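Colleague: I am new to this structure and would like to learn how to read it. Could we go through a few features one by one?

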Protein chains: 4
Amino acid sequence: MGRQGKFHRLWFMSLLLQTDASRRRKPMPSVASSVAEGSSLEQTLLAQYMSVRAQTMALIEPLSAEDMMLQSMPDASPTKWHLAHTTWFFETFLLQPHLSGYQPFNEAYQYLFNSYYETVGERHPRPQRGLLSRPLLTEILDYRAHVDAGMQRLLATPTSEIESAVTIGLHHEMQHQELLQTDIKHALSLNPYALNLDAAASPEAANSDTQQSPEFIYFAGGLSQVGTDANECFAYDCEQPRHQVFIPEFSLCERLVTNGEWLEFMQDNGYQNPQLWLSDGWATVQQEGWQAPLYWHRDGEKWMTMTQQNRVPLDLNAPVCHISYYEADAFARWRGCRLPTEFEWEFAAQAAEINGNFLESGHLLPQAAPPQPGLKQLFGDAWEWTQSPFIPYPGFTTPEGALAEYNGKFMANQWVLRGGSCATAKQQLRATYRNFFYAHQRWQFTSLRLAK
Amino acid sequence: MGRQGKFHRLWFMSLLLQTDASRRRKPMPSVASSVAEGSSLEQTLLAQYMSVRAQTMALIEPLSAEDMMLQSMPDASPTKWHLAHTTWFFETFLLQPHLSGYQPFNEAYQYLFNSYYETVGERHPRPQRGLLSRPLLTEILDYRAHVDAGMQRLLATPTSEIESAVTIGLHHEMQHQELLQTDIKHALSLNPYALNLDAAASPEAANSDTQQSPEFIYFAGGLSQVGTDANECFAYDCEQPRHQVFIPEFSLCERLVTNGEWLEFMQDNGYQNPQLWLSDGWATVQQEGWQAPLYWHRDGEKWMTMTQQNRVPLDLNAPVCHISYYEADAFARWRGCRLPTEFEWEFAAQAAEINGNFLESGHLLPQAAPPQPGLKQLFGDAWEWTQSPFIPYPGFTTPEGALAEYNGKFMANQWVLRGGSCATAKQQLRATYRNFFYAHQRWQFTSLRLAK
Amino acid sequence: MGRQGKFHRLWFMSLLLQTDASRRRKPMPSVASSVAEGSSLEQTLLAQYMSVRAQTMALIEPLSAEDMMLQSMPDASPTKWHLAHTTWFFETFLLQPHLSGYQPFNEAYQYLFNSYYETVGERHPRPQRGLLSRPLLTEILDYRAHVDAGMQRLLATPTSEIESAVTIGLHHEMQHQELLQTDIKHALSLNPYALNLDAAASPEAANSDTQQSPEFIYFAGGLSQVGTDANECFAYDCEQPRHQVFIPEFSLCERLVTNGEWLEFMQDNGYQNPQLWLSDGWATVQQEGWQAPLYWHRDGEKWMTMTQQNRVPLDLNAPVCHISYYEADAFARWRGCRLPTEFEWEFAAQAAEINGNFLESGHLLPQAAPPQPGLKQLFGDAWEWTQSPFIPYPGFTTPEGALAEYNGKFMANQWVLRGGSCATAKQQLRATYRNFFYAHQRWQFTSLRLAK
Amino acid sequence: MGRQGKFHRLWFMSLLLQTDASRRRKPMPSVASSVAEGSSLEQTLLAQYMSVRAQTMALIEPLSAEDMMLQSMPDASPTKWHLAHTTWFFETFLLQPHLSGYQPFNEAYQYLFNSYYETVGERHPRPQRGLLSRPLLTEILDYRAHVDAGMQRLLATPTSEIESAVTIGLHHEMQHQELLQTDIKHALSLNPYALNLDAAASPEAANSDTQQSPEFIYFAGGLSQVGTDANECFAYDCEQPRHQVFIPEFSLCERLVTNGEWLEFMQDNGYQNPQLWLSDGWATVQQEGWQAPLYWHRDGEKWMTMTQQNRVPLDLNAPVCHISYYEADAFARWRGCRLPTEFEWEFAAQAAEINGNFLESGHLLPQAAPPQPGLKQLFGDAWEWTQSPFIPYPGFTTPEGALAEYNGKFMANQWVLRGGSCATAKQQLRATYRNFFYAHQRWQFTSLRLAK
């Protein structure tokens, strides 16, 4: 089960939850809430909608129609599918129920671009999304325009129910923006001819390591509140409810592990030493032949990695990324440390501002930590594997209703990641946000922070 | 990775740990400690040794040499291998280092019956253990006698270091007693001709359900200590250290879920309804074609199951067993409940006496709960799946030393089970004991208790 | 091992053979030899070249750049790859060695579009051809134009050596024309939205069966010559040498088995009756769930099939196609007949004219046999499975030279097919031509003729 | 599909055929026909029966009940199963239909020891034969005695129908004698501890090569009769009918390829050079990691191989064996030769006496050819791979009747081997005998003879 399936199940469940909640409670804070005071709700919501949708279109700018066909593994989806599916969400959950007189763009799209489950109807098999040469890209772009036009009409008179659903739809689209980038990066990595799409973006070499030994920051821990309740801000069901945990004292490294440090691990035969690995991890290393993070390759004396568009020299001061949980865990053991729990991370992040290297920076890779003292890179740069399996919070309950079947469905065999990446839109993030992947997956921007 | 590999890694690590600890501390309480006062240490330890070894021999009584060859899946091992491997442990860790003049029975056995890892040398590939027609069973029995004779000499003058190692060896053998039973049960289940080994043991039919709706017992929870420290009693590393957790209020069902209740789940199409299942669980159900617990089959109107030796009618009042984590989780969801966490279970069990239906009862299957009020079946009958993944306790550290590589190696993708089964020796168990298996495995005696 | 690999190995070997032979012998008859007398060699060869190349371009007319990316299975290749690879052949074997001053279009194409083997250098992995979004289609079309321009210069002064190589290159491209069609047909069949590319080509319904019981034609057999020698006409190495075989008397059905007859087989539970099938065939039927030929599906009362571009009603009088060897063999057994040997077919075809429903007809599917008496449909419509495995002729020898490694490499586990199909260019065919595929493959236009 | 399934299908079909034929024709020559004149039919047939059955029992003499449980791959069966299944044949096809008052030994054996197909009823799944610890060996031996006693009664008054069926049953059992040996050899090869069962049989070292370059014998070929008709001698359906073929002139090597010659092939990197291999063969070499024939391993400077019971030094003058078709083909290509066709072999063998190194010799391995001139080792020592796929002879027809479904079922993707091996009973063999296996299989005693 890949990443996207999971998101949709949560969204749709949330959609019902929120919709229902909004009838009983005060309007839920939305992504639109940061817009300047004085602008009307409809203006800000529409502006927000147009802004997120435009961001998606900006991401495909370097890609051809042929690139947007690529599906390199079942975990990933073609760009074209992401473009259509995010649009399908607005058509299905906003325009069809709420915009009177709305005509669906094409009935077949219900089947083709539904990532949802049996109860909502048949859907195109996920591993065959790469076979959808039709509809053509031009048709998908027309579909986007058609739905955007409908949304403009609808958002002229939004209700609080519509606002809730649009908010979810926009978060949904932002997450697909991240997946769109990681999926196309993986696909292009398999074509020796495909890179350097944006020749202008030639990076300076950075194969030198000037980083100091990092500090560890001490936290006293104790009884603490983690998670959130839905009426405080937008949040997914798996972040709820807010509840008490006891956290023993701990220390966190001030920054993420760097590429330079990872090279030391490799030079110390980290990938060859079974003593460092979890049993399942060692089996995976053997089976997959892993010898370095995903996308690394050696070019003579120099190590290279890649962005979504180019091969670039490895920046030894930048955070390592594209590693599995197993690799993160083995590295921490090698260093005599461990991964943090998700609550240690959340405890440390509660007071932090949400600043960092996000999608908006355009960097396309994690960047070296700034030289300032204190905890850095909590948000952005790369997702941080925690040692916490993805399981329900105490009091997590399955909501009633048609979409209840999806509640918590992914709470087995996956691990929590925290903090966001350079491919995450800033406004998606918050200290309580729980991302989750299987321990062997590495095509996301995944890194680690040491704990003791 | 099956069950036995895991145990060995922990044993051996513990062996070093305990051995080391015993030099610095007062003698560790042992399995021998329950022996009547007045008997000397050497008598009690030797008596204990002979008793556990004799228990193993009693288990093979109904089996032929040909039965003891069977290996029906990589997760399981042949009976003959269990007999030899537990003996190898005493030869390798007690007789060779500590009994002067000891001659190994056969050099080749080091390779054949080592379940250990690369650092200790090559070992026979696990999935090919069923191909070991040689050494013959008679040779293995000679091996046991040879080692038992050596142990009798050694235990004439035990040191505290020897006592620690023997204690571990006996716990090791007791766990293999359980595996020996579950492995042979699985193998014989695949031979239509093999069962009814013990024709005398014909059980009365029990296909009627007289059980009342069970009560739920309320617990206030709060800050609580869980786990143990090594100097208190014998315990494995993964139970350590004792530490504080915050447990919200909860309720536990007074008894395990019964076969009768499981039939209701099946009749309500529990195995056909994707809304009840975790995503990975639903995929497993589809792939494996599960429609009932392992070993159930229908004989006309009557449901049958099996013991290690016979087909028997299903007792509707007895606890369901041989279910996966996925099935336990789906059943709990169907009932509007959930599985307990491992700490809820431990919190409730801390005050309980260790009584129940264990190996010693000879029942070979879980039994209906007695009609008394209050929490029942906490220990024995069947292992209880918890909703807690098997991960390290705060402060768990990798010990130094040659065997350090195995520390915590299995702490990924497995789930904690608590309480023991009808195939567990009573003295193995304690409230802090953590057993663990993968979510899809069902050949152990596994059941569930509902929580709210 | 798919179809294309095989062809290339044979071509290239033949290239060397022919080239060498042409130095010692009279000029080899070429595809150009049918051109009207009076035109000079250079004119006819160039005209032939331009004609074949134009035919390829005509085939892609209904396809988009996105369609031309599709690779639906390892056996198949994307259209774009076919376009580039056939061009690579002329660049590598004609322009680079023979056209002075020729500049390769792009060095990377040597790697990307080489289907060849280790000795000629690395090549892009076959199953990942569908990931080649780059080079873009527009670049491939430029590549074709660049090579065509070079070829025009080269063919202004052809030598006999060049003529030989061009002849092979054109046969090579013609075979890729067939593969291009069968590969894209397979890919589009998996997209519920993709068909009806050419809406104008709406066929009339043809679900009625007016065919009479067919006649069988008797042949006396006897000692006969089969195969060919290279100096007689263009032929591949596997058709050589001409040699004597003894053929017992036999009878051949006058026409191919029809769709109507195949429906009778299905209605008589042909796909459910293990007695009709080869052991390997029955295993394949079970594993693949075959219940009808490839591309058949039921639309209410009516059976449908598909062309490269459209879903169409099944013509019950037309030959069945897209069946495996196993299905052909089972059908023949069901009818109390058998498949012909390749030499029976060749014996019968030696006197026949090469007329029929070829690529040039534009029919895209086999057509009902005309009502005339005598053997029909020997050439064109659909390839005929024979009961002859693809093995070397007596006296077949591995040629010396750099490409010798590929000689006969595919002569194991494949079966000979004879006669060509509606996707074969007419001038590819001759009575001695041996096509070959694995017994389970069915995406080519494959059919059968009964023998007794 | 392994070897045994195939045999049974043919036997049973033949049983019907022969039975039917024997009613209309003169008594079929039987295995009993070589018995001294003057003895009555019943004496000779019974003597023959007892002799073959005793030979089977002699083969298990070195084995324990535990050894006889082993099944090391789906292609192979446990010894215990062979013992029971051959007995089941006589019970099912002789005693039940022909001996009045016969009581089956055990109803369950019909299911457990039937290798047959759906029409005769359910059977135990082939890959799980190794799980049949029950019935115990002692029960199987009782079964053999029970059936032997019945057969003695039946053969007191044999009819020609009974004689036919017994003849088939005895050929059936003789073939299982060969399989029993090759299956147990494979199983014991996987246990490092199991060999040297018969320590007395210590062979002299033979790692020196004194062989001369072998001669090739020329044959003029021409029109020739091959195969046989059923009324001439006992023969399987696939050897029938006798028919005419044209064989071009050819030469055969006087002896089989030796181990010494095979070492030269290995030293010349034969296993590393893709140019020598069929495409499917090269894929198999890569996938399986083949670097030498099966059972070869290096012990310091010396190459070792194994018999059914011991590891022994490789005799460089003895024929290579345990090679696949792919290896035989690659070796022949390396030597500039080819494999013979099955008809070349039969043409050369028609005049030869059936002498050689058979099961009766007790050698357990092929032996060096004697120094006499002329064709040697045609029969015995090791089966010779031919370049002929296993396909039907012209005029081969599916017989009518209940067992007709099995006719020719294995005539796809397998290759003909000729001549028998050191594990074949002499009286099984004749010049027309066609054995057949898949190209990748090497656990039989398989070798090659070069042809030109």
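**Contacts between chains**

Modeller: Start with chains A and C: their contact takes 22 residues from chain A and 22 residues from chain C. Keep in mind throughout that this is a predicted model.

Colleague: How many nonpolar, polar and charged residues does the side of chain A that touches chain C have?

Modeller: That side of chain A has 14 nonpolar, five polar and three charged residues.

Colleague: How should I read the relation between two copies of a chain?

Modeller: In general, two copies of a chain are related by a rotation about an axis and a shift along it.

Colleague: Now the helices. At roughly what angle do the axes of helix α2 and helix α6 of chain A cross?

Modeller: Helix α2 (residues 41–59) of chain A and helix α6 (residues 160–189) of chain A have axes that come within 10 Å and cross at roughly 15 degrees. Angles under 35 degrees count as roughly parallel, and α2(A) and α6(A) are therefore roughly parallel to each other.

Colleague: Is the crossing of α2(A) and α6(A) left-handed or right-handed?

Modeller: α2(A) passes α6(A) in a left-handed crossing. On the α2(A) side the contact is made by L45(A), Q48(A), Y49(A), V52(A), Q55(A), T56(A) and L59(A). On the α6(A) side the residues are E163(A), V166(A), L170(A), E173(A), M174(A), Q177(A), L180(A) and Q181(A). By class, this contact of α2(A) with α6(A) has eight nonpolar, five polar and two charged residues.

Colleague: What is found for α2 and α6 in chain D?

Modeller: Helix α2 of chain D and helix α6 of chain D pack at an angle of about 15 degrees, with their axes 10 Å apart. That makes α2(D) roughly parallel to α6(D). The crossing there is left-handed.

Colleague: And at roughly what angle do the axes of α2 and α6 cross in chain C?

Modeller: In chain C, the axes of α2 and α6 come within 10 Å and cross at roughly 15 degrees. The crossing of α2(C) and α6(C) is left-handed.

**Strands and sheets**

Colleague: In what order do the four strands of the open sheet in chain C stand?

Modeller: The order is β12-β11-β10-β13, and the pairing is mixed. β12 (435–438) and β13 (446–447) of chain C stand at the edges with a single partner strand each, so one side of each is left without a neighbour in the sheet. Strand β10 (residues 383–389) of chain C pairs with β13(C) in the parallel sense over two bridges. W383(C) has T446(C) in β13(C) as its bridge partner. Helix α10 (residues 342–349) of chain C packs on the sheet, where it touches β10 and β11 (414–418) of chain C. The direction of α10 makes about 130 degrees with that of β10(C).

Colleague: In what sense do strand β5 and strand β6 of chain D pair?

Modeller: Strand β5 (residues 297–299) of chain D and strand β6 (residues 302–306) of chain D pair in the antiparallel sense over three bridges. D299(D) has K302(D) in β6(D) as its bridge partner. The hairpin of β5(D) and β6(D) has two residues between the strands, and G300(D) takes a positive phi near 65 degrees.

Colleague: Through how many residues does a hairpin join β6(D) to β7(D)?

Modeller: Through four residues. β6(D) and strand β7 (residues 311–313) of chain D pair in the antiparallel sense over three bridges, and M304(D) stands opposite P313(D) in β7(D).

Terms used:
Residues numbered from 1 in each chain as written. Chains lettered and ligands numbered in written order. Predicted model: local features only at pLDDT ≥ 70, side-chain atom pairs only at ≥ 80, totals over all residues. Axes fitted to C-alpha atoms, helices over the stretch in contact; angles between N-to-C directions. Parallel < 35°, antiparallel > 145°, perpendicular 65-115°, else oblique. Left-handed = near helix turned anticlockwise from the far one by under 90°. Contact = placed C-beta atoms within 7 Å. Nonpolar A, V, L, I, M, F, W, Y, C, P; charged D, E, K, R; others polar. Pairing = 2+ DSSP bridges.
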